[in-house]
Amino acid sequence: TGAFEAVAAYGSPAVSALGRGAAADEARIAQVTSEFFHVLGVSPVRGRFLSAQDDSDGADARVVVLGYGIWQRRFGGSDDVVGQTLEINHRPFTIIGVAPRGFTGVDLAPVDAWVPVAAMAPLMLPDWRTRRDAMAWLRPVARLAPHATREAAAAEAGAVFFAAEEIRQRHEGDATARIVLTDVNAARTPGTGAWALA
């Protein structure tokens, strides 16, 4: 749409197993689409963030972006962490980047790492890309286009959302159904516009 510069989706972090045997540990892993970090305006401190190729059909989506904390704890803040392997839920993932210190994404809950939606969703629902109800666990986040107003963006988002037949049927006769946009920074840390340090 014209009101948004970029749109992404993310799922709340879930506890996952890291490694095996004596080296096994737990971590909070969030699934995100490729535009997630761009939408939130952050840059990696090492390596890169996800690309569209990482999260596309048929791609080997086994890549992971580490949170700053787990980079320090598990890898000692090593400069050569990019390219190393991290086993998540008994599957090898290649580390492609490290997020900045204190960054946790949209929510305040701590996040240890981010993986592409395409890496985990097929394990839960093999037909996740074609099932309309498969995306109910994902939440959208977007960056407004320059000079776009929140009101215009909400109207465009509503037009897209209510274009789906099942959504129209669900809200038929509900004159109050609408899309409400919330500022991410204000929602996270009111008045400061800063990330909350994890």
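Two strands are taken to pair if DSSP finds at least two bridges between them; strands (E, at least two residues) and helices (H or I, at least four) are DSSP runs, numbered from the N terminus. The views show a predicted model, in which local features need pLDDT of at least 70, side-chain atom pairs count only at pLDDT 80 or more, and totals for chains, interfaces and linings use all residues. Residues are numbered from 1 along each chain as its sequence is written, and side-chain values use heavy atoms, with hydrogens and water left out.

**View A. Strand E7 and the antiparallel partner E6.** Strand E6 (residues 85-88) is joined to E7 by 4 bridges in the antiparallel sense. Within this pairing, Leu86 stands opposite Phe93 of E7. The hairpin of E6 and E7 has 2 residues between the strands, and Asn89 in this hairpin takes a positive phi near 50 degrees.

**View B. Strand E7 with E4 and E5.** E5 and E7 run parallel and are joined by 4 bridges; Val63 has Thr94 as its bridge partner in E7. E4 pairs with E7 in the antiparallel sense over 2 bridges, and Gly47 stands opposite Gly97 in E7. Of the 8 residues of E7 (residues 91-98), 6 are buried, so the strand is largely enclosed by the rest of the structure. Buried denotes under 20% relative accessible area, exposed over 50%, and partly exposed the range in between (1.4 Å probe, protein chains only).

**View C. The aromatic pair Phe37 and Phe49.** A search of the whole structure finds 8 aromatic pairs. Phe37 and Phe49 form a stacked pair, with 3.9 Å centre to centre and 15 degrees between the planes. Phe37 belongs to helix H1 (residues 36-39) and Phe49 to the loop between strand E4 (46-47) and strand E5 (63-66), so the pair ties together parts that are 12 residues apart in sequence. Rings of Phe, Tyr and Trp (its six-membered ring) pair if their centres lie within 6.5 Å; planes under 30 degrees apart count as stacked, over 60 as edge-to-face and the rest as tilted. Both Phe37 and Phe49 are buried. One aromatic cluster is formed by Tyr10, Phe36, Phe37, Phe49, Phe103 and Trp114.

View D. The buried residues of H4 are Ala153, Ala154, Ala157 and Gly158. They cover an arc of only 135 degrees around the axis, taken from the directions from the helix axis to the C-beta atoms, which puts them on the same side of H4. The face turned away from this buried side carries the exposed residues Glu151, Ala155, Ala159 and Val160.
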